[in-house]
Amino acid sequence: MAKEKRQTSGLTKKHIIGYGLGDMGGCMTFALMGSMVTRYYTNVLHVNTVILATLLLVWNIWDAVNDPMMGALMDKMFAKHQDKRGKFRPWLLRSTPLLAITSIVFWTVPTFFEGTTMLVVLFFCKILYEGMYTMFNIPMGSLLSAMADTDSERATLSSARGFGSMIGNIIPMVILPQLLQKFGDTSKAFGIGAAICALIGFVFCFLHYYWTEERNISVGTPEDAAKVKFTDILNVFRVNRPFLALCIHGICICTMQYVNSTLGTYMYADVFGDVGAMSMQSMISMVLGIVTMLVVPKITRKFQLEKVIRFCLLVSAGLYFVLFAVLAATTISPWIYMVWVGIGMSFGSVSIYMQWGLVSEATDYNEVVTGKRTEGSIYGTFNLTRRIGQTIGNSAAVLALGWIGYDTALAATGALQASSVQLGLKVLCVLIPAIFLLGSWCAFRFVWNITPEKRAEMKAFKESKKQNG
């Protein structure tokens, strides 16, 4: 029977800071992939848009499947070899230098080739980077389950991860634009920027490894290895309702996020005629996000994390529904819109920052109902559902612009769109996010089934496991 070792009595400040550094380090390279990579493809490598669309499809499929594959691999390897250092931290140590190297390679090596050879090199450089990022991201995210026991601890670590993610996304967006301003859209600018971000990320990722600790390490028997299968996740969907709720939430919340991020500029530029105001919304959202991450862990000491998330989702959806009604009935200034959306998004973001704590709780629940602890498979599959939401949000948002009759020629002149197009943009940027926020709330209201009684059962299971170990 598996034996669980308790290494420390509680989270330390070092643990909390160390955990936050994980997403900070990972985002140092991943942020470039989200915000700057299209410019690199088109302006530096001069990839044909049709070919690029094909490559993006293949890469997105790879991104989607490699998360659950990596999670299942970690569970299987640990069940077989029972590494005393833990299930996740050894993978962090292996992947950290590889993540930095493949990031630098991606932004530099393809520039030395041309034509078909360049495309082949680019294809495999991207595949390698995404594989190494997954090798780091899955154990980093799954580590929360091995560090936290209570709602308060889960919320604290989730908040730390939120801080790390925010900073890790901001730093590259400060570094690379300055280099582009100095050197232009050149391989030199992208190469230097990528190298600086990769090296900073390398340091953060190593500190994440050294300053974290798996407080609960299961040391099993050889027979336990045979019990862990790659197909286990299929059974999880059937028996683990909290995990199913999280997957529905992941699709809904990421669809909402990516519709917002893809079309946000259109509301300011084509409805309000003031695209510059959008930068102020980003500042408002960042400040409110910091406040949220400071306050929510304290609230979870009195209220269950799932209830806090559910309440915030409902408030956020309500604010967006009311905003749409106001926009449909009258004209408001971009500043009122900016503050309203900033507040609405801050409530909705609670579920984004704190969802990692619920992934940990769903993992505990899964161990009770299946007898197996497979954090990697669960976290990896949850990431898969988030990728689905991202794809839906990005693709549907772009297609919807055509459906509502968006006029790019009119936009080029700086003129506002026709009233029917403006209404379509309001639907896409306000009503659609409200609907998906409500969908996320429904997942936690009607599918999530961890009650106080279930929590007591899960706690008793843990205690029994320790005593019988």
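The model is a prediction, so local features need pLDDT of at least 70 and side-chain atom pairs count only at pLDDT 80 or more, while totals for chains, interfaces and linings use all residues. Residues are numbered from 1 along each chain as its sequence is written, and side-chain values use heavy atoms, with hydrogens and water left out.

Let's start with S95, which sits in helix 4 (residues 89-108). Helices here are DSSP runs of H or I with at least four residues, numbered from the N terminus. S95 has 0% relative accessibility and therefore counts as buried; the cut-offs are under 20% relative accessible area for buried, over 50% for exposed, and in between for partly exposed, with a 1.4 Å probe and protein chains only. A polar atom of the S95 side chain lies 3.4 Å from the backbone oxygen of L92. Setting aside neighbours within four places in sequence, S95 is in contact with M132, M135 and F136, where contact means heavy atoms within 4.5 Å.

Next up are helix 12 (residues 305-329) and helix 13 (residues 334-370), which pack with their axes 9 Å apart and at an angle of about 155°. The axes are lines fitted to C-alpha atoms over the stretch in contact, and angles run from 0 to 180 degrees between N-to-C directions. Helix 12 and helix 13 are therefore roughly antiparallel to each other, a label for angles over 145 degrees. In the contact of helix 12 with helix 13, the residues split into 21 nonpolar, 6 polar and 1 charged.

With a relative accessible area of 0%, L358 is buried. Beyond its neighbours within four places in sequence, L358 is in contact with L246, L305, E306, I309, F444 and W448. L358 and F243 are 115 residues apart along the chain, yet their C-alpha atoms are separated by 8.7 Å.

L384 counts as partly exposed because its relative accessibility is 21%. Leaving out neighbours within four places in sequence, L384 is in contact with A64, D67 and P68. L384 and I251 are 133 residues apart in sequence, and 9.1 Å apart in space from C-alpha to C-alpha.

Key: Helices (H or I, at least four residues) and strands (E, at least two) are DSSP runs, numbered from the N terminus. A polar contact is a pair of N or O atoms within 3.5 Å; within protein, one must be able to donate a hydrogen and the other to accept it, and residues adjacent in sequence count only if both atoms are side-chain atoms. Angles under 35 degrees count as roughly parallel, over 145 as roughly antiparallel, 65 to 115 as roughly perpendicular and the rest as oblique. Ala, Val, Leu, Ile, Met, Phe, Trp, Tyr, Cys and Pro count as nonpolar, Asp, Glu, Lys and Arg as charged, and the others, Gly among them, as polar.
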